[in-house]
Amino acid sequence: MAQHNDEMNLAWQYIAGTQTSVFLTGKAGTGKTTFLRRLRELSPKRMVVLAPTGVAALNADGQTIHSFFQLDFKPFVPGVTNNPDTKRRGRPPKDKKYFSMSKQKKNLIRTMDLLVIDEVSMVRCDLLDAVDDVLRKYRNPLLPFGGVQLLLIGDLQQLPPVIKEEEWKLLSQHYATPYFFSAQSLLNLPYVTIELCHIYRQQNERFISILSAIRENRVTADVLAALNARYVPGFRESENWIRLTTHNAMAQRYNDRRLDALPSPAVTFKAKITGNFPELSFPTDERLVLKAGAQVMFLKNDNSAEKRYYNGKIGRVEEISPRGLIVSCANEAGGRYRIDVEQEEWENKKYIIDGETKEIREEVDGTFRQYPLRLAWAITVHKSQGLTFDHAVIDANQAFTHGQVYVALSRCRTLEGLVLSAPLDAASVITDQTVNDYVSESLSESVDSEKRLPRLRYEYYYQLLQEQFSFGKLAYDFEYLMRVVCTNLQNSHPGLVDIIREAQPRILNELVAVADKFKVQYDIIFTRAGAEYAKDEQLKQRINSASKYFLDKVIDILSPVIKASGITINNKAVKKQYGNALDALLLSYNIKAGTLRSTLEHGFDVRRYVESKAKSSIEDTGGKTKKK
């Protein structure tokens with residue numbers, strides 16, 4: 001991770017070395033997107049990246065929250081079951097994708113270590129609780145978010161979640177605010193807030209100070225005067241200026257008017273769409289109408305060696321021909337250069353588990369192919385989030401929601417590079433005091449986060465060590481299978497009953513009891529080792545010996561049970577109960593045998609343990625009931 005940025009390094013250490021969840025925030029232009037990109041490259045954990053909207057998901061190279069968790073768009077009311085057929089969220093029975101989760105998706109949810117939610121400022125409180133609901137169902141029901149670590153990335157001083165008045169009337173009975181931090185699931189989740197402080201987008205201290213005042217609701221007469229000095233009556237945008245508006249209709253009308261004024265003929269380019277690519281996620285118009293002379297904005301980075309354009313680069317359509325499009329852009333010397341623009345492809349991705357490597361990977365679910373352009377005399381503030389401009393006209397005097405003016409102004413590199421379409425007054429700068437209070441409180445509570453890190457790393461290591469040498473879950477799952485078999489299959493499968501009864505005392509005496517005694521031993525060594533726990537040779541030796549003992553015992557005791565478990569059951573109810581009990585035992589067996597084998601071969605290490613646990617949990621041991 002970036003060695004020059006202390007906050008990024010701290011966030012990285014929390015994610016890589018602890019189980020503590022993180023809210024990573026920071027002003028516009030502080031590198032939140034850069035951190036996520038680096039995390040994807042370096043993370044030792046199995047991670048899934050999600051975002052609240054289709055465009056945000058494309059920018060984060062992930063999926064939408066609704067798509068991944070198969071949620072509908074209705075409000076989630078805590079403790080209320082809206083539809084008895086689905087047990088959750090009132091999903092329509094006619095659309096099976098909303099309630100029929102595949103085995104692979106369940107495995108993916110069960111085995112991921114880290115859930116990243118980007119642009120979390122736009123995530124509603126009830127949506128985060130819905131995520132918690134799904135994770136508890138398929139992971140640990142007793143832990144917030146099923147025990148998965150969260151990384152929430154976003155700036156609460158930017159664009160807020162969208163909620164209709166009638167929805168808030170319902171949800172306000174359960175939540176203090178619509179923001180993610182009011183989710184009930186967060187109340188019992190320990191998490192740390194880390195703020196990225198270094199601003200990369202702007203360099204001028206005066207402009208940074210003005211933006212900070214707008215962001216923090218410290219709008220004085222001097223701040224307004226400095227901004228309103230950038231109001232130029234009758235200003236006419238020259239080339240490469242873009243207008244940021246608060247409403248879609250304003251941007252659309254302005255672009256249509258400028259396009260209609262061009263004398264050249266209009267040409268329509270139709271996108272090619274394959275597979276599953278939701279309309280809400282379209283990165284540009286499905287039917288893109290352009291003319292020679294039109295001002296456009298590139299919507300992708302140029303992946304060629306020339307790096308001729310980037311996402312947000314402004315240009316002018318020079319030529320439209322059967323051969324394609326030519327767009328010219330300004331260069332630093334004041335001249336222009338021409339780009340033969342080719343169509344680009346956006347991918348709508350979904351997460352799957354690789355059948356061979358057992359790793360979580362992305363798979364293309366659908367594609368959208370179109371020229372990477374959008375008419376760009378004007379765009380909305382919402383669509384500008386994440387972009388940077390050298391020259392922009394800010395049309396924000398009709399701002400209607402928290403953070404809109406701040407987002408618009410902070411898109412600009414310099415104060416001199418922006419012009420106001422009308423003077424701003426204090427009423428135009430809308431901020432939510434609830435957000436300000438939460439951010440201040442969460443940062444003050446996390447002021448000692450760096451000092452707490454060594455202790456949290458120590459606790460995480462110890463937690464996983466305990467998990468490695470605990471056999472309570474395995475014994476519980478075995479007892480459940482034994483009850484099902486002895487109650488229902490005594491007469492039809494006496495051989496299986498005998499094998500299970502023979503194994504039961506061995507699990508208690510040779511696994512559970514011995515593990516309890518071993519815990520006393522490694523607790524003493526672990527405490528004595530202190531901060532050097534990972535390097536302690538006596539601890540390493542005891543872990544190695546214990547791994548060999550327990551691996552041999554697990555295989556010796558349970559292999560006969562698994563080998564005999566593939567039986568035929570005629571009664572459907574018993575068959576289902578037996579199948580569920582057997583699946584639970586096989587999962588516990590696979591995880592325990594797989595992680596012990598890894599520890600025996602490589603020693604106990606947080607990264608290897610997490611990886612081996614995830615892979616082992618999706619191994620197919622093969623013990624299944626036979627179909628009649």
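**Strand pairing, helix packing and cysteines in a predicted model**

The model is predicted, and local features need pLDDT of at least 70, side-chain atom pairs count only at pLDDT 80 or more, and totals for chains, interfaces and linings use all residues. Residues are numbered from 1 along each chain as its sequence is written, and side-chain values use heavy atoms, with hydrogens and water left out.

Helices (H or I, at least four residues) and strands (E, at least two) are DSSP runs, numbered from the N terminus; two strands pair if DSSP finds at least two bridges between them. Strand β2 (residues 47-51) is joined by 2 bridges to β3 (residues 63-64), and the two run parallel. β2 also pairs with β4 (residues 114-117), in the parallel sense over 4 bridges, with Val49 opposite Val116. Of the 5 residues in β2, 5 are buried (buried means under 20% relative accessible area, exposed over 50%, partly exposed in between, with a 1.4 Å probe and protein chains only). In a regular strand, side chains alternate between the two faces of the sheet. In β2, Met47, Val49 and Ala51 are buried on one side, and Val48 and Leu50 are buried on the other.

A separate description applies to an open, antiparallel sheet of 3 strands in the order β9-β16-β15. β9 (272-275) and β15 (344-353) are the edge strands, each pairing on one side only. From one strand to the next the twist averages 25°. β15 and β16 (residues 360-370) are paired over 10 bridges, and Asn348 has Gly366 of β16 as its bridge partner. Helix α5 (residues 103-111) packs on this sheet, touching β15 and β16, and its direction makes about 80° with that of β15. Contact means heavy atoms within 4.5 Å; axes are lines fitted to C-alpha atoms, for helices over the stretch in contact, and angles run from 0 to 180 degrees between N-to-C directions.

The axes of helices α14 (residues 449-468) and α19 (residues 606-616) come within 10 Å and cross at roughly 45°. The two helices are therefore oblique to each other (under 35 degrees counts as roughly parallel, over 145 as roughly antiparallel, 65 to 115 as roughly perpendicular and the rest as oblique). Residues meeting between them include Tyr460, Tyr461 and Leu464 in α14 and Val606, Tyr609 and Lys613 in α19.

The whole structure contains 0 disulfides, a disulfide being a pair of cysteine sulfur atoms within 2.5 Å. Cys197 is partly exposed, at 45% relative accessible area, and Cys486 is partly exposed at 21%.
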